[in-house]
Each structure stands twice: as structure tokens, then as C-alpha cells.
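Here is a friendly briefing to read alongside the coordinates. Have the viewer open, and we can walk through a few spots together.

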Amino acid sequence: MRQCVRRCCDSTVKVTELRLRLSTAKVGKTSLIMSLVSEEFPNVVPYRAEEITIPADVTPERVPTHIANVICIVYSVNNKKCAVSHVDCGGLLRVPLILVGNKSDLVEHSSMETILPIMNQYSEIETCVECSAKNLKNISELFYYAQKAVLHPTGPLYCPEKKDMKSHCVNALTRIFKVSDLDNDGILNDNELNFFQRTCFNTPLEPQALEDVKNVVRKNLIDGVSNNGLTLKGFLFLHTLFIQRGRHETTWTVLRRFGYDDDLELNQDYLFPPLKIPPDCTTELNHNAYLFLQSVFDKHDKDRDCALSPEELKDLFDVFPYMPWGPDVNNTVCTNDQGWITYQGYLSQWTLTTYLDVQRCLEYLGYLGYSIIAEQESQAAGITVTRDKKIDLQKKQTQRGVFRCNVFGDIGSGKSGFLQAFLGKNLTHQKTINEEHRSYYAISTTYVYGQEKYLLLHEVFPDYDYLSDADLACDIVCLVYDVSNPYSFEYCAKVFKQYFMDSKVPCMMIAAKSDLPEVKQSYGCSPLEFCRRHKMPPPQSFTCNTAAAPSRDIYTKLTTMAMYPHARLRCMCTCNRCTFCLCQNFLNSELLQTVRAKLYAVVLRRHVSQADLKSSTFWLRASVGATVFVVLGFAMYRALLKTR
């Protein structure tokens, strides 16, 4: 079957392709087409009409029709047997069928009594129309029903034998109801119904019309209306009523607005809108997407404990065709004492999905109805594509909010413990983790100079001979070795020399398990000397064997280095030997603090009158003095860097 899509009156409309068929000749197939196009009965009828496009202005729905998405089985009303013998053939094509009784001008009675049993026997038959090509009776209506059978077919929605909607239709409408139930109270209140009405039909319901709809449901269904709102049963009843009364277009309009195709599956174009991502760029959620996800969390956090219990999480993903998050997510993001995903962990997991697999994120947002609830063109409107990292390095600033740290280390070096410690889990807690639920990712927030940023840790499999491009693509490298294992550091040194020694990616060495006795590493030089030779910060001591949650300072340092790789902050410690430490000690020295305190005392307490405070000259002198102080401090810092 061929289908086209055209834009007509600002809405997507299928161009219907119509096929008239019958084995018996001279029943009026060609006459029907010619009468519709020319609006008069042809005196000379060709043996077969050539391919014709029926203009939109001669059909009731104003849709251009091409003469085989729908089959019209034409029979002569004075020879009804010819229709019955070919319904089976039409049904095999699995397309809608229209029975057309032509030449009604030749008889005085209707053929409907004979045709109705056939219609009840074959669900593919949408309707039956009696017409006359000679006097133009019901010609336009014939093609209206043919178009309607394609644009708004009954088959996928309704089962005539059971007189009820089919399960696929019920499932689709149930998802639509849950997406539209913005407060998750199980009913659609007046505001939600009006939003639904505007979303689907671009017009709100008048208060009286809204009340009339609810009265119809009340009259036919006991539990269709609750607390003056429409329940799920009432919502499904209304659509059943629409279909039974021949208003399939109402239900189809709703289904298509929420992304469903003719098979009641979510359209691929809806789930995966186009999104261009240039090389060396990453993807993040923007502010509007975070606001939407926050509203979804609040909607399902019924006990208001800022965490999602297993039942609440299941309810949240009830609009998905499958459960998207597995048990490993609980070891990827922050959880509470009960092991439930917290609000921060929930947003972190969405951030992780967006960063690693933006197409999957688009799919998930589609299931939640982001484009509809947030009133955006598509889910792609919720994604920010960051600029090329090379530009960030050139401009020495970045607007990115997510930074990736790849963690390398030999087997047993403490990589997994380092990841789990980022989520606030100490060694005791980590021992309770099921190995099958282990995660190779950990993501949470850190604060750098007052800015909230996401740090994504990824544990790389320890095989330095076969590292993929994904293993090497990151903002900062973390090399972990076990201080109690004399052979652990060698792996880190080899990885650094082979892959990162000549790269611009900042690296940090982590001396893990620092609570254990440190042994000499079986390598040509000590870890500290190795770091000095390669202008790296000295090894950072770390342990997750603590009574409380492990310290997060090291993760802040990693995020800072990832944000400012151009700064090359070689040391973030208290060694008192490097330039960084000398500057920090000078700025925090007792001498400088005393001088500053005395300066404030002299300026603000002794020689400043109320008149001076109101004088613009005084504030100008104060501003110039502060500027000079800052410039001198910066010059001293640069001088120390050069001497080093």
C-alpha cells in the first residue's frame, strides 16, 4: 500500500488512495469515478478509467484522493449476489472495505437487509453505501466514507463482536489518560480536561459543555465521575461512545496527537525526532526539561519523602512499554537509607542517559509526553547540544554542566569502591551490593565555586592493550592504584604513558586504600616522583573504609580540573612546596590577614566621617585601592608561576 503525507490546513493529512474492484463487469465502477470528477453522468463510459486524482473540492473532507488504501466492492443493487462472493478476497488484503450498491435508480427498494449479515460476518467492512452514478445520488458520500475508512479506520479501535474497544486501543488511551493526569490523583479535573481539549483540538471546552460531558458519563457509568472529575473508566467510556456513534475521528485525533500511528504503536518520528550532534559535542538536558522531570517526580512522590519507592517508581514508568531502569541504577545514583532513588539520584540518572545515549533519552521523554505537557514541538527541544570542547579550551571557559571522568586501574585497585564512595557508600555498605547489580557508572553533583555541576565517573575495564575511543573520550582521567599492593601502580603508569602523556586531558593519580599500610611500588620510580616528572598533581590519598560517608573533596577537585583544564592546576594538596600551595599559604598567612585587618580599621574606623561615606571621591579612592591590591596579588601569583 502506498501512502503520502501532505500539509493541508496546518495539519498532517494522508492522501487517500482508493481502489474500486469487482470481478463482474458493468456494475458501474468507472461511472462512479467519472460522475464524481465531472459531477455529471457520462454518456460514453470508457472500458477502464485511467489513473485519476480526485480533487479535494469535490469530497466532503476536502482531501485529495488518488484512485489502494481502501477497497470499494461495487455491486449492482439489482444483483446483490455478486458482492458476497468477493468479500473474502478483499479481506485477504487486510485493508478497509466499503460495500457500494450502485444503480439504486433502477430499483425502488433498499438492499441493506441483504447486506447487513455480510457486514456482521466480516469485520473489515467499514460501511455500506447505496448510490447512483446516473443521478449522482450519494456519490460524494461514497468517497467521504472511503477516505474516512483510511484516515479514521474502525478496525484497530473497536471489536464489533464484543461491542468494545480492542486491548491495544485501551492501552493507548490509558497511557494518554495517565500522561494528562498532571497531579496523578486518578481523575481528570476541569483544568486537566481543558488542557487535554486544547492540546488535541486547539480549543477549550465551555463550562456547560464540560458539565454535559460529565453528565453523559454519570448517566451511563456509576464510577465514571469522581470528585467532579473524569475517571479512567469514564474516559474510556467516552471514547467507546464516540466510536459506536461513528465519530472515530475524535478518538483518532487524540491518538495521533499523542504520537500513535495506524497500528496504535508510538510513531518512530514521535519517539526519535531529528537531533544533530556535531563531533566533540555532548548532550545535556536544558532547564525546561529539568523542570518537566521535576514535575514528573513530584507527581509520583506521593509520600513526599524526596525519594521514589519501588511502587512509586513502577507507577512512574507505567506509561512505558517496558521498565527502563534496572536494579543497577540503585548503584549508579544516590539513594536513601532504604535503597530508594532520591530526587537528586533521579535527576542524575536522567542526566546520565542524556549524556551517554541521547536517543534513548528522547524515547523516554516521548513516553512521558514531554512535547505535549511542556508544549514543545518535540523532545529535541529539551536537549542542549554543547559546543565543541576545542572552543571551550580556546576561550578558557565552558557552559557545560556534565563532566566525564574515566577511572583506570588494575584489578583490585579500588576502582569500584571509588565510584560507590562518590554516592556516599562506605566500605561496609559496598559489601552488601549484589555483584549482579554492579554498575560501571556513578553520577552525582559537586559544587565548583558555587556552581552545581554533574560529575560522571566511568570505570574502565583493566586492559590497556585494548582501550576503545569511548574509553579515552573524557574530560579528566583518574588513575587508581592500591597503596598496599606493590604491583598496582605499574598499570597506571603504563596507561598514562601509552594514552595520555601527550594528550591535553588532565590526569590525577589516586592512592586508594590509604587506610592500609603503604608499601613501596615495584616500579622505576615512586608514584610521587612519577607525578612530578610528568607535571601531574601528587597522588591523592583516598579510602572508603570510614565509619560515615567517605569524603567528597577529591570529587570536587576532579570536577574543578575538568572544568578548567587550561589552568593546569598541577597541585591540589598541602605539600607546601609547589606554586599552588605557596600562593594559598601566602593568601591565608597571618601576616596578610593582620595587614588587611589593620587597613580596614584605619580606613573605616578612624579617618572616615559620615560625610566621607557619602562622598563619591572617597568611594572612588577605595575602589582604586582595592583594584591595586588585586592586581598586585595576581602579579605575585604569576611571578611565582614563572619562577617555578
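Let's begin with helix α6, residues 167-180, in this predicted model.

**Helix α6**
- The buried residues of α6 include Cys-169, Ala-172, Leu-173, Ile-176, Phe-177 and Val-179.
- Thr-174, Arg-175 and Ser-180 of α6 are buried as well.

**The β19-β20 hairpin**
- Strands β19 and β20 form a hairpin with two residues between them.
- In that turn, Tyr-449 has a positive phi of about 50°.
- The pairing of β19 with β20 (residues 451-459) is antiparallel and runs over eight bridges.
- Ser-444 has Leu-455 in β20 as its bridge partner.
- Six of the eight residues of β19 (residues 441-448) are buried, leaving the strand mostly covered.

**Nonpolar cores**
- The largest nonpolar core has 69 residues, and Tyr-346 and Trp-350 touch the most other members.
- Not counting residues up to four places away in sequence, Tyr-346 touches Leu-293, Val-296, Phe-297, Leu-308, Leu-316, Trp-325 and Ile-341.
- Another core, of 27 residues, lies apart from that one, and Val-407, Leu-455, Met-508 and Cys-544 are among its members.

**An annotated span**
- An unreviewed UniProt entry lists residues 288-323 as "domain: EF-hand".
- In the model, residues 288-323 are 56% helix and 6% strand, with end C-alpha atoms 24 Å apart.

Methods:
Residues numbered from 1 in each chain as written. Predicted model: local features only at pLDDT ≥ 70, side-chain atom pairs only at ≥ 80, totals over all residues. Heavy atoms only, no water. Buried < 20%, exposed > 50% of the residue type's maximum accessible area, 1.4 Å probe, protein only. Helix = DSSP H or I, 4+ residues; strand = E, 2+ residues; numbered from the N terminus. Pairing = 2+ DSSP bridges. UniProt positions renumbered as here; feature names shortened; annotations may be inferred. Core = buried A, V, L, I, M, F, W, Y, C linked by side-chain atoms within 4.5 Å. Contact = heavy atoms within 4.5 Å. Expected span 1.5 Å × (residues − 1).
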